[in-house]
Amino acid sequence: MKPLVLELLAVPKEVAGLRRAVGAYVGGGPGAEVQLCVSELVGNVIRHVGEGTPVVVRVSGAAGGRFQVEVTDPEPRVLPVPVRAAGGDECGRGMALLAAVSLRWGVRLGAGRKTVWCEVVAT
């Protein structure tokens, strides 16, 4: 399966279209989980790096029914940090959700960029 690669600006209005494109690419199985991971990772760029940041979203199928999700942005100094949100907090759950639905996740740093990735298995 050829990877889905999308270049876009990280703005809220792009997230719904991104979810649709990912859902069409992934199809059944882990579609909702992969869409959630993409939404959370792009949402983190919007909130913590800045709205309008250029990103590259890559989703690829792997052996064993696994999907790899990657979101690359140009800010290697702003890293995702899992936090423990309190019951009434309106934010702070994104990385916990990502960790809950993925097998594993991590960050790869490059020259002038970072890629946050996760792996989701088909159920």
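Is Arg108 buried, partly exposed or exposed? I looked this up before anything else. Arg108 is partly exposed, with a relative accessible area of 38%. I noted the cut-offs: buried is under 20% relative accessible area, exposed is over 50%, and partly exposed lies in between (1.4 Å probe, protein chains only).

**Ground rules**

I am reading a predicted model, where local features need pLDDT of at least 70, side-chain atom pairs count only at pLDDT 80 or more, and totals for chains, interfaces and linings use all residues. Residues are numbered from 1 along each chain as its sequence is written, and side-chain values use heavy atoms, with hydrogens and water left out.

I found Glu70 in strand β3, residues 66–73. Helices (H or I, at least four residues) and strands (E, at least two) are DSSP runs, numbered from the N terminus. Glu70 counts as buried because its relative accessible area is 15%.

I then looked for its partner. The side chains of Arg108 and Glu70 meet in a salt bridge, 3.2 Å from N to O. Arg108 lies in strand β4 (residues 104–110) and Glu70 in strand β3, so this pair ties together parts that are 38 residues apart in sequence. A salt bridge here is a side-chain nitrogen of Lys or Arg within 4 Å of a carboxyl oxygen of Asp or Glu. Side chains of opposite charge can pair when their charged atoms come close.

I also listed what Glu70 touches, leaving out residues up to four places away in sequence. Among them are Val56, Arg108 and Trp117. Contact means heavy atoms within 4.5 Å.

**Entry: the other salt bridges**

How many salt bridges are there by this rule? I read off six.

One of them joins the side chains of Glu119 and Arg66, at 2.6 Å from N to O. Glu119 lies in strand β5 (residues 113–121) and Arg66 in strand β3, so the pair ties together parts that are 53 residues apart in sequence. Glu119 is buried, at 8% relative accessible area. Arg66 is partly exposed, at 35%.

Glu40 and Arg47 also meet through their side chains in a salt bridge, 4.0 Å from N to O. Glu40 is buried, with a relative accessible area of 16%.

I came back to Glu70 to check the cut-off: at 15% relative accessibility, Glu70 counts as buried. Then I looked for shared partners. Salt bridges that share partners join Arg66, Arg104 and Glu119 into one network.

**Entry: how the strands pair**

Two strands pair if DSSP finds at least two bridges between them. I traced strand β1 (residues 4–10) to strand β2 (residues 53–62): seven bridges join them, and they run antiparallel. Glu7 has Val56 in β2 as its bridge partner.

Seven bridges also join β2 to β3, again antiparallel. Val59 has Val69 in β3 as its bridge partner. The hairpin of β2 and β3 has three residues between the strands, and in it Gly64 takes a positive phi near 75 degrees.

**Entry: helix α3**

Which residues of helix α3 (residues 94–101) are buried? I found Gly94, Met95 and Leu98. Seen down the axis of α3, its buried residues fall within an arc of 95 degrees, so they line one face of the helix. The arc is that of the directions from the helix axis to the C-beta atoms. An α-helix has 3.6 residues a turn, so residues three or four places apart point the same way.

Last, I checked what this face meets. The buried residues of α3 pack against α2 (31–49), β4 and β5.
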